[in-house]
Amino acid sequence: PQAALPDAGIDEYYWSQLIGLQVKNIQGIELGEVIDLIDTGANDVLVVKGDKERLIPFTEFAVIEIDLDGGKLTADWDADF
């Protein structure tokens, strides 16, 4: 169970915490919902499903803010990409 897991460190998240978050870009455009993550070896990648499927690298440059309580994630990602 989730309660049995140790607390994640500062700026660290379990994948299960990220799945289901609603994703908007910094312009406020809805990109969709995190439905999965991919481990590429270099960094994790968010799989975001909305009007289309987007793969957004889970890096400090692409992921601007995570609000677990609000169920939101803000990404620096072009809606056309």
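I looked up Trp77 and found it buried, with a relative accessible area of 15%. I take buried as under 20% relative accessible area, exposed as over 50% and partly exposed as in between, with a 1.4 Å probe and protein chains only.

On the source: I am working from a predicted model, in which local features need pLDDT of at least 70 and side-chain atom pairs count only at pLDDT 80 or more, while totals for chains, interfaces and linings use all residues. Residues are numbered from 1 along each chain as its sequence is written, and side-chain values use heavy atoms, with hydrogens and water left out.

**Aromatic pair**

I searched the whole structure for aromatic pairs and found one. The rule I used takes rings of Phe, Tyr and Trp (its six-membered ring) with centres within 6.5 Å, and calls planes under 30 degrees apart stacked, over 60 edge-to-face and the rest tilted. Phe81 is exposed at 64% relative accessibility, whereas Trp77 is buried.

**Asn25**

Next I looked up Asn25, which sits in strand E1 (residues 22–25). Strands (E, at least two residues) and helices (H or I, at least four) are DSSP runs numbered from the N terminus. Asn25 is buried, at 3% relative accessible area. What does the side chain of Asn25 reach at 3.0 Å? I found the backbone nitrogen of Gln27 there. Leaving out residues up to four places away in sequence, Asn25 touches Leu31, Thr74, Ala75, Trp77, Asp78 and Ala79 (contact means heavy atoms within 4.5 Å).

**Arg54**

Arg54 is in strand E4 (residues 53–57) and counts as buried at 3% relative accessibility. Its side chain is joined to that of Asp51 by a polar contact of 3.0 Å. Beyond four places in sequence, I listed the residues touched by Arg54, including Trp77 and Phe81.

**Asp44**

Asp44 is in strand E3 (residues 44–49) and is partly exposed, at 23%. Its side chain makes a polar contact of 3.2 Å with the side chain of Trp15. Pro57 and Phe58 are among the residues that Asp44 touches. I also noted 10.0 Å between the C-alpha atoms of Asp44 and Leu55, eleven residues apart along the chain.

**Asp11**

Asp11 lies in the segment before helix H1 (15–18) and is exposed at 67%. I noted its positive phi of about 60°, although Asp11 is not a glycine. Most residues other than glycine have a negative phi.

**Asp69**

Asp69 belongs to the loop between strand E5 (63–67) and strand E6 (72–75), and I have it as exposed, with a relative accessible area of 83%. The C-alpha atoms of Asp69 and Pro6 are separated by 18 Å.

Terms used. Polar contact = N/O pair within 3.5 Å; in protein donor to acceptor, adjacent residues only side chain to side chain.
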